[in-house]
Amino acid sequence: DRAGLLKARGIDAKWTAFPSGPAINEVLISGRFQVGNGGNFPFTSLVDKNVPVKAIAIISPNLLHALVVPNDSPLKRIQDLKGSNPPATIGIVTGSSAEFYFQMAMQVHGLQVGKDVILKNMPPGEQMSMPKGVAGVVPWDPTPTMIVEERKAGRIIDTIFAYNMYEGQFYVRNEMIENAPDVVQALSDAVAEATLWIRRHPEKSAEMMREDPSLKNFSQAVLLQQIQSYNNLYKPTYIYPHAEFWGRVNEPIFNWLHDQKRISRRLTAKDFVGAVDERFMRTTFGKLGWVVPKQPPFLPADWKGQPDKPPYPEYLHPINAKSPQAFPE
């Protein structure tokens, strides 16, 4: 927006910031907005409700989500929540990717809502204050980084990476694809251009982010750290929407959500594939002279895991990365 990348492509765009995916869903469902970006749980909700959208790019893969507890908490691991009496209250944005992660983590460790923990709907801003009366909060970055690194008000005892590979979706309503595919192609090209622009100008990007009223509480240092973690860590080919891979990643969560009556249909990886359109990013890569990778760049070539079978063996993410991936090699 600040760099005018879409305007240079002949597209007038109005940008509106929202604090979480569920809020974005509301305006997308209403038809007032035609383009959005949201996390995996909100995107699943759109698919479940048959909202006519298609993902055309991946945004911020492997975003840190974490269980953060007060510094003086006796909890050392997520397993320590088992048998809490009374049940431990956990602050979380319900319907968000944070709940996706935490529900999967609870399933792996045999924790039960109502018996071991109580989930309290809590916006990110309130989570950041680590309010009294909660055993922990489950925010996504940059909130956990700020709580731990800047405010020093808590510590991380569990993270998302073993249970769920988070992916943000950049998506458009289907009528744009049907009636203005050239605009959708321009949006795809602009995603790649912005990804490269940010890689080249990380400090300037952080300055621009600080101009946004919704980010005024974040320091330049944190914003720069987020850029290094979520735009500059991986090869920029991470933006390619590998529909089959991400469908398999999300299928275990689809099953859980249906069993818990959180979605109305038992979605499968195939349903996810149907909500992705790879054509535009494939064309973008062709313009750039990039090969479409067989798998996302954060997976080691010899990775032994299966996308639909968490917990996962190690892969590259912001917590274990020693340095950015080389690009071009």
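Axes are lines fitted to C-alpha atoms, for helices over the stretch in contact, and angles run from 0 to 180 degrees between N-to-C directions. This is a predicted model, in which local features need pLDDT of at least 70 and side-chain atom pairs count only at pLDDT 80 or more, while totals for chains, interfaces and linings use all residues. Residues are numbered from 1 along each chain as its sequence is written, and side-chain values use heavy atoms, without hydrogens and water. Helices (H or I, at least four residues) and strands (E, at least two) are DSSP runs, numbered from the N terminus.

**Helices α7 and α12**
- The axes of α7 (residues 181-200) and α12 (residues 279-288) come within 9 Å and cross at roughly 55°.
- The two helices are therefore oblique to each other (under 35 degrees is roughly parallel, over 145 roughly antiparallel, 65 to 115 roughly perpendicular, and the rest oblique).
- Residues in contact (heavy atoms within 4.5 Å) include Pro181, Val184 and Leu196 of α7 and Phe280, Met281 and Leu288 of α12.

**The buried face of α12**
- Phe280, Met281, Thr284 and Phe285 of α12 are buried (under 20% relative accessible area, with exposed over 50% and partly exposed in between, for a 1.4 Å probe and protein chains only).
- Seen down the axis of α12, these buried residues fall within an arc of 140°, so they line one face of the helix; the arc is that of the directions from the helix axis to the C-beta atoms.
- They pack against β2 (53-59), α6 (174-179) and α7.

**Helices α3 and α10**
- Helix α3 (residues 97-109) packs against helix α10 (residues 243-259) at an angle of about 80°, with the axes 11 Å apart.
- This makes α3 roughly perpendicular to α10.
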